[in-house]
Amino acid sequence: MDTPAPSTPRSRRRWPIIGGAIAAMTAGAAIFAPLASAATVFTAGFEDGDIGGWSKSGGTWAVVSDGSQVARQSKADAENARLFNAPTNLTDYTVQARVKPLSIGTNGFVGLLARSSGSTVFYRLALLPGRAELQAVQGSAVTVLGSSSRTVANGTWYTLSITTSGSAVTGSIDGAQFASGSSSLSAAGRIGLQTSYSSASFDDVTVTTGGTTPPPTPTPSPTRPTPTPTGPSTPTPTPTGPSTPPPTAPPGNASGLVGFATMSEYGRTGTNGGTGGPTVTVSNYAQLAAAVADDAPRIVRVSGTISGNGDDMLDVGSNKTVIGVGSNATISGFGLDVNGWGPAEVAWGGDLCDPAERDRFTRTQNVIIRNLSFRNSPDDSVNVQCYSHHVWIDHNTFYPASDGSVDVKRGSDLVTVSYNRYAGTDKSMLLGHSDSNGAQDTGYLRVTYHHNWFDGSATRHPRVRFGYAHVFANYVNISDYFIGLGVDGRIYAESNYVRGAKTITEDFGNASLTWTSSNFYDVATITRANDSGKTMEDWLRANNSVARPPYSYSAGSASSSPPSAGAGVSGADTIP
C-alpha cells in the first residue's frame, strides 16, 4: 500500500563528531589560506550606533549607551543569541572583546566565538556562573579544552580573547591566559558574540593576525549606574532571521547537468556543488560526517564502503559534491539528508520545519550526489527537504531501503534526478510527502527526472503531490505503477520507454498529466490494461494540460535499451 511518509522525527545528526578532522583525510588542497602578515583585520566599537553589518540569530540585539556605545543582547531568556562578523576565511588569529554580563542564568553563559565555520561550529570562551571555559562546540556537542574557577559578576567588564594557531587554541581573560588545548574542529571561520539564558553588553571587538595579543582595553569608569535590563516589552521570536549564510560558491552549472537544477533562483545561479573548494577523500563515517557538515565548498570523494554509526540519516551541508571513487563506493546502513534543519533549529523550532520558519534558518543549497550505491538505509537513501534547493542526484544505484530511495519534500525546489538505477526498490521517488502539506509545498517541488533505469522497482517513479515533475527518457520495467497522480501535482512526461508495468498511472488525487506521443508502451505488457472491464482511464489517465518546462533540453526518442545509468558506469566517477 502506498502511504504518506511518516511525520515523526528521525534519528539524525548534522554535527556528529568533535574530533573528526578534515585535515586527517587525504586532501587535494588546503581548505583555507592563512593571511600572511601581522595586521588588525577587523574592529567594531559600535560608536556609529549600527550593528546592521553583523549576522544576527536569536535574542534582542541593539546598540545602547553603557559608558560608551556597546552592543547589547537584552533578552535574558533567549536560549541561543548570536552575532557573527569578520571574513569567513580567517585561520590563525586573535579575537578580543570586552564583555559585561548583565544577568547570567543558572544554566546560562556569555561568550566570545572564534573560527565559526557554521552557525553551530566554533571555538568559544564562555563565562558561566563560578567559572570560565574554553570550548570546542559542534552543535549540541561541547568539548571543554580548559577551564578555571573564578567569580563571574554581573555588571563587571571582562576582556576576553581567543587565539587560534593551527590546531592550538588558547583563551585569556583580562590579559592572563587561563586555558589552552588542541583541536582540529575548525580550520577557519568568522568571529562571534553569544549569550544563552543571559543578557550582556559587548564592546571593542578586534581581530588581529600574527604578532601578539592586543592589550586589554582599559575599562572606563561609568558616569552613572548601569541598570540591569528587564527585556523588551514585546517578546521577540527566536531566531529573527537566518544564521550565517552559506559561504559563497561560484555560480554556474556542472558539466552534463540538465533540468530544474540549472535554473537561477533564490540568489543562486545553477548547481555545481563543491566547485572551487578543496578535494578530500573519505573512507569511514567519521571522515564523511566531518567533510559534509559545514557549508564551505568541498568535493568529497567516497572510497569503498562506508557503514553507518547508528543514525538513520547524515545531514549534508551546502556547496558539496559527494562522489564515489571508482565503481564500488557504497553508503550502507544510513542515508544522506540534504536538509538545513539541524539540531540548532530543532532546539528552537521543533522537529520539523514549517512554513512559518521558512525565512528563519539557512537553507541547504548547491549539492551534487553522484556515483554511489545505497544499501540498507533504515529510512530514505537520499532525502531533500526543508526548502533545500539546487540539488543534483546523478549516476547512483539504489537498492531497497526501509522507506524511499529519493524523496524531495517540505518546500524543496530546483532538483534534477538523472541517470540513476533503481534495482528492486519499493518506494523509489516521492515528490511531496503528505496530502495536507500544500501550504508548504505549493509553488515549490520542481524536479526533473530523466534517463533513470527503473529495474524491477515497484512504485513512485515518481509519486507527485503539489509539485511539478518533468519525467523524460526513463526506462521503465517495474512491478507496480509508473507515475503516482497525487493531490494538485503536475507532470509532463515524454520519451519514456515502458517495457512493463502493472499500470502506467495510479490515482491518489487530482494531479494533471501531459503524456506526449513520444512515450512508448505496449498494451500487452501493462497488466491492468488487460484486466476485464478496464478502460484506458484506469491505467493511463492524462488530460494533457501541463505545459512544457521552462528550460532548454533534448528529450530524444524513447529508447528500447536501458540508459547507461547507475554507479560505476563509465565516466560516473568523473567530478562534474
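These legends describe close-up views of a predicted model. Local features need pLDDT of at least 70 and side-chain atom pairs count only at pLDDT 80 or more, while totals for chains, interfaces and linings use all residues. Residues are numbered from 1 along each chain as its sequence is written, and side-chain values use heavy atoms, with hydrogens and water left out.

**View 1. Helix 1 and the strands around it.** Helices (H or I, at least four residues) and strands (E, at least two) are DSSP runs, numbered from the N terminus. Seven of the eight residues of helix 1 (residues 285-292) are buried, so the rest of the structure largely encloses this helix. Here buried means under 20% relative accessible area, exposed over 50%, and partly exposed in between (1.4 Å probe, protein chains only). The buried residues are Y285, Q287, L288, A289, A290, A291 and V292. They pack against strand 18 (279-282), strand 19 (298-302), strand 20 (305-307), strand 21 (313-316), strand 22 (320-324) and strand 23 (330-332).

**View 2. The largest nonpolar core.** A nonpolar core is a set of buried Ala, Val, Leu, Ile, Met, Phe, Trp, Tyr and Cys residues joined through side-chain atoms within 4.5 Å. The largest one has 64 residues, and L288, L372, V417, F482, I491 and W515 have the most contacts inside it. Helix 1 gives the most to this core, with five residues. Apart from this core lies another, of 44 residues, among them V63, A97, L125 and I173. Contact means heavy atoms within 4.5 Å. Leaving aside neighbours within four places in sequence, the contacts of W515 include F482, I483, A493, V498 and L540.

**View 3. The disulfide of C353 and C386.** A disulfide is a pair of cysteine sulfur atoms within 2.5 Å, and by this rule the count comes to one. The sulfur atoms of C353 and C386 are 2.3 Å apart. The link is left-handed, with -100° about the S-S bond. C353 lies in the loop between helix 2 (343-349) and strand 25 (365-370), and C386 in the loop between strand 27 (382-384) and strand 28 (389-394), so the pair ties together parts that are 33 residues apart in sequence. Both cysteines are buried.

View 4. Two strands pair if DSSP finds at least two bridges between them.

**View 5. Strand 37 and its pairing with strands 34 and 40.** Five of the five residues of strand 37 (residues 468-472) are buried. Y468, H470 and F472 point one way, and A469 and V471 the other way. In a regular strand the side chains alternate between the two faces of the sheet. Strand 34 (residues 446-450) pairs with strand 37 in the parallel sense over five bridges, with Y449 opposite V471. Strand 40 (residues 490-494) also pairs with strand 37 in the parallel sense over five bridges, and I491 is the bridge partner of A469.
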